[in-house]
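Try each task before reading its solution.

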Amino acid sequence: LSRHFLAYEGPGVETVRALGFWLRPAGLQALLARYPQARQGIGRIFHVPPSNVPTLLVYSWLTSVLAGNDNLVRLSAARSSPLEDTLLGLIEAVLNAPEHAGLGARNRFIRYGHEDAITRACVAQADAVMVWGSDQTVAQLRELTLAAGRVRVTTPLFLGFPARHSLLVVDGDALRGSAGDDLEARLLE
């Protein structure tokens with residue numbers, strides 16, 4: 001997938017190549033060496049990424065794949081952008097290759113509108129639900145996740161990122177700089 005992203009020529013080339021650089025084998029090996037415990041998948045993850053940030057669906061999905069999870073990714077019924085189509089086309093090319101048939105079978109992208117019955121079915125088979133979206137979307141998916149837990153032995157893990165600022169710090173020590181730096185103040189700059 002990294003090679004496909006890095007070789008891409010067309011609209012959004014910088015964004016696609018940035019994904020390819022992030023995914024390069026040397027970078028992934030360094031992450032694995034640094035965080036060996038990170039590859040402990042929990043099962044099937046149902047992702048609901050925002051339709052207005054196509055790269056977020058890729059980062060969310062890929063991080064879950066790298067952790068060892070199976071994935072079901074909901075795509076908005078309305079195609080969000082040509083960049084989304086490009087990214088999905090490149091992903092599809094890799095997942096449909098015979099040598100990646102197993103990976104392709106464990107990772108699905110489905111496009112549908114706001115049909116609660118489909119979402120309930122997806123949540124019901126998930127071990128975790130990851131939602132990026134408006135407060136309303138996050139609240140609705142949280143309720144569907146709790147409802148799924150009432151009919152199962154366990155409630156799926158719920159990770160909701162409502163319409164607020166989000167920040168992911170992979171290596172806080174690297175951000176600290178000198179011993180006297182205040183990490184929180186630097187992050188808020």
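A charge sits over a ring if NZ of Lys or CZ of Arg is within 6 Å of the ring centre and within 35 degrees of the ring normal. This is a predicted model: local features need pLDDT of at least 70, side-chain atom pairs count only at pLDDT 80 or more, and totals for chains, interfaces and linings use all residues. Residues are numbered from 1 along each chain as its sequence is written, and side-chain values use heavy atoms, with hydrogens and water left out.

**Exercise 1.** Find the ring under the charged end of Arg74.

Solution. Start at Arg74. Its charged end sits over the ring of Tyr112, 4.9 Å from the centre. Now go to Arg24. This residue lies over the face of Phe21, at 3.9 Å from the ring centre.

**Exercise 2.** Describe the aromatic pair of Trp61 and Phe109.

Solution. First, the rule: rings of Phe, Tyr and Trp (its six-membered ring) pair if their centres lie within 6.5 Å; planes under 30 degrees apart count as stacked, over 60 as edge-to-face and the rest as tilted. The structure holds two such pairs. Trp22 and Tyr59 are edge-to-face, 5.1 Å centre to centre with 75 degrees between the planes. Trp22 lies in helix H2 and Tyr59 in helix H4, so this pair ties together parts 37 residues apart in sequence. Trp61 and Phe109 are also edge-to-face, at 5.2 Å and 65 degrees.

**Exercise 3.** Which residues does Val58 contact, leaving aside its neighbours within four places in sequence?

Solution. Look for heavy atoms within 4.5 Å, the cut-off for contact. Val58 touches Phe5, Leu19, Leu87 and Ile91.

Notes:
Helices (H or I, at least four residues) and strands (E, at least two) are DSSP runs, numbered from the N terminus.
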